[in-house]
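Here is a protein to look at together, with a few questions about the words used to describe it.

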Amino acid sequence: MMNDYVVETINDILNEFIVGFHGPKESLYEGGVWKIRVELPDAYPYKSPSIRFVNKILHPNVDETSGSVCLDVINQSWSPMFDLLNIFEVFLPQLLLYPNPSHPLNRDAASLMMKDRKQYDQKVKEFCELYAKKEDIMKPTAGEETDDDEDVTDEETCSSDDEIDGRADP
């Protein structure tokens with residue numbers, strides 16, 4: 001199912017792995033490649049997977065320190081009808097294309113986006129160049145966390161109205 005992606009298991013455990021994710025075309029993130037850590041719960045697909053960015057990304061809806069993602073469809077409205085391809089081909093690209101600074105996990109990024117869009121765009125591109133180079137995608141990240149206890153989705157700080165509907169909040 002994930003044939004078009006670079007996938008690397010963590011400690012040879014099939015329910016924990018890293019996926020190479022390319023920034024969507026025609027976005028600020030185009031050309032960047034991120035390591036996305038995926039942890040499948042025992043109840044998957046009835047319970048949503050936990051996902052987080054391993055390498056740094058500047059985005060209002062991604063926590064700067066943990067890489068946690070604020071995405072309603074994963075955190076609150078998950079359905080067994082969804083699969084991992086939905087996450088990598090629809091949900092994450094939509095998140096990057098249409099950030100929601102009204103419900104941020106990264107308040108600095110949200111504030112910059114709302115106050116100075118040109119500077120925000122420039123800083124996003126700088127982060128892509130510094131932290132999301134294609135040649136570095138599957139190299140071990142310094143300090144890469146392997147703690148199984150942390151739930152990497154952040155349900156408590158995400159609002160239920162973070163639906164992805166194809167447009168950014170003003």
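Predicted model: local features only at pLDDT ≥ 70, side-chain atom pairs only at ≥ 80, totals over all residues.

Residues are numbered from 1 along each chain as its sequence is written, and side-chain values use heavy atoms, with hydrogens and water left out.

Q: What pLDDT does the protein average, and which elements have the lowest and highest means?
A: On pLDDT, the predictor's confidence in each residue, from 0 to 100, the protein averages 84, and 79% of the residues score at least 70.

Q: Why is Asn55 called buried?
A: Buried means under 20% relative accessible area, exposed over 50%, and partly exposed in between, with a 1.4 Å probe and protein chains only. Asn55 has a relative accessible area of 11%, and is therefore buried. Asn55 lies in the loop between strand S4 (50-53) and helix H1 (72-75), where helices (H or I, at least four residues) and strands (E, at least two) are DSSP runs, numbered from the N terminus.

Q: What makes Ser66 buried?
A: The relative accessible area of Ser66 is 16%, so Ser66 too counts as buried. Ser66 is placed in the loop between S4 and H1.

Q: How do you know that the side chains of Ser66 and Ser68 make a polar contact?
A: A polar contact is a pair of N or O atoms within 3.5 Å; within protein, one must be able to donate a hydrogen and the other to accept it, and residues adjacent in sequence count only if both atoms are side-chain atoms. The side chains of Ser66 and Ser68 are joined by such a contact at 2.8 Å.

Q: Why are H3 and H4 called oblique to each other?
A: Angles under 35 degrees count as roughly parallel, over 145 as roughly antiparallel, 65 to 115 as roughly perpendicular and the rest as oblique. The axes of H3 and helix H4 (residues 117-131), lines fitted to C-alpha atoms over the stretch in contact, with angles running from 0 to 180 degrees between N-to-C directions, come within 5 Å and cross at roughly 135 degrees. H3 and H4 are therefore oblique.
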